[in-house]
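I opened a new structure today and kept notes as I went.

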Amino acid sequence: MQISEKKSVLSKEELQKIKRRRAKARAAVLTVFVILTLVIVFAILLRTVLFPIETVTVSGNTTITSAEILSSADVSVGDKLFSVSASSLNKKLTVKYPYIKKVELKYPSLKELRIVVSETEDVFCYQNGTSFFTADADNKILSKTTEQPENTVLVIPKTKIQPECGYILSLENDEFDIIKDIYNYLYRENIDVNSIDISNMSFITLKVKNRFIVSLGSLTDIQAKLEHLRGMLPQIDAKNGSDITGEIDLSAWSSSKREGYFNPKTLR
């Protein structure tokens with residue numbers, strides 16, 4: 001027994017519509033291909049043939065000479081303007097010259113390249129053996145010295161450190177966030193902080209104004225403890241004179257016992 005199959009029969013007009021749709025699709029694909037090819041060719045020309053550099057300048061640098069930057073960047077007159085990569089320069093320069101924070105490229109004209117440098121500065125300091133390593137506000141290690149530089153905050157973390165110039169020093173357990181919070185508060189309140197010791201999270205200590213050792217205890221209520229410290233300092237000076245030194249104990253401070261204690265003492 002044979003089973004007959006029904007075949008759909010398209011009209012001439014329907015067949016022409018299908019052909020036109022297919023032709024449009026092929027044309028669209030071809031157009032996209034041509035455009036992509038032109039973009040690729042133009043990109044290659046930008047990097048290899050078009051717009052040779054006639055002038056290259058460096059700005060924003062104070063700690064490193066323009067000649068050193070240009071030499072390390074390997075950029076010179078005659079190079080193609082758009083062959084110079086900002087990301088590549090950042091990788092090279094921010095590690096080789098740690099005081100360079102960021103590099104940007106500007107194009108005043110199609111013949112001129114300007115390398116704009118943003119620099120950073122020493123804020124913190126870490127001791128590792130007999131060496132001191134300075135770090136900026138983002139904890140990027142900037143320099144290695146034999147003595148702690150002036151106007152840096154000595155940080156004593158809980159984490160065992162392995163500093164390397166040009167790289168961010170990673171600390172564990174949000175230690176650096178704690179350090180930054182303490183530093184930023186004291187900085188906003190114009191309280192000079194000389195050291196931050198969080199090696200024991202249950203007994204955090206500071207040295208401020210080069211005159212006071214401050215015991216904060218644990219992290220509990222630390223913001224309120226710092227605010228209490230801010231209020232205590234002028235009172236201590238008013239009562240004892242601006243040359244007084246000693247220890248301030250806020251370790252027992254709590255919302256129900258808002259007290260701090262000052263013990264005059266000669267500091268080493």
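**Entry 1: the whole chain.** I am working with a predicted model. I looked up the secondary structure and found five helices and 12 strands. The protein has 268 residues, and 35% of them count as buried. I then checked the accessible surface, which comes to about 17,100 Å². Carbon and sulfur atoms hold 52% of that surface. I also looked at contacts between residues at least 6 apart in sequence. Of these, 49% join residues at least 24 apart.

**Entry 2: a sheet.** In what order do the three strands of the open sheet lie? I read β1-β3-β2, with mixed pairing. The edge strands are β1 (55-59) and β2 (100-109), and each pairs on one side only. Neighbouring strands here are turned by 20 degrees against each other on average, direction ignored. I noted a reminder for myself: strands of a sheet pair through backbone hydrogen bonds, either parallel or antiparallel. For β2 and β3 (residues 112-119), I found the antiparallel sense, over seven bridges. Glu104 stands opposite Val116 in β3.

**Entry 3: helices across the sheet.** Helix α2 (residues 66-73) lies across β1, β2 and β3. It runs at about 120 degrees to β1. Helix α3 (residues 86-96) lies across β2 and β3, at about 145 degrees to β2.

**Entry 4: charged pairs.** Side chains of opposite charge can pair when their charged atoms come close. How many salt bridges does the whole structure hold? My search gave six. I followed up on some of them.

Lys101 and Asp138 meet at 3.6 Å, N to O. Lys101 sits in strand β2 and Asp138 in the loop between β5 (131-135) and β6 (141-145), so this pair ties together parts 37 residues apart in sequence. Lys101 is partly exposed at 46% relative accessibility. Asp138 is partly exposed too, at 41%.

Next I took Glu189 and Arg230, which form a salt bridge at 3.7 Å, N to O. Glu189 is in the loop between α4 (175-188) and β8 (193-197), and Arg230 is in helix α5 (residues 222-240), 41 residues apart. Buried or exposed? Glu189 is partly exposed, because its relative accessible area is 28% and buried means under 20%.

Last, I checked Lys265 and Glu247, which meet at 3.1 Å, N to O. Lys265 lies in the segment after β12 (261-264) and Glu247 in strand β11 (residues 246-249), so the pair ties together parts 18 residues apart in sequence. Lys265 is partly exposed at 41%, and Glu247 is partly exposed at 30%.

Definitions and conventions:
Residues are numbered from 1 along each chain as its sequence is written. This is a predicted model: local features need pLDDT of at least 70, side-chain atom pairs count only at pLDDT 80 or more; totals for chains, interfaces and linings use all residues. Side-chain values use heavy atoms; hydrogens and water are left out. Helices (H or I, at least four residues) and strands (E, at least two) are DSSP runs, numbered from the N terminus. Buried means under 20% relative accessible area, exposed over 50%, partly exposed in between (1.4 Å probe, protein chains only). Contact means heavy atoms within 4.5 Å. Accessible areas come from the Shrake-Rupley method with a 1.4 Å probe; for residues, only the protein chains shown count as cover. Two strands pair if DSSP finds at least two bridges between them. Axes are lines fitted to C-alpha atoms, for helices over the stretch in contact, and angles run from 0 to 180 degrees between N-to-C directions. A salt bridge is a side-chain nitrogen of Lys or Arg within 4 Å of a carboxyl oxygen of Asp or Glu.
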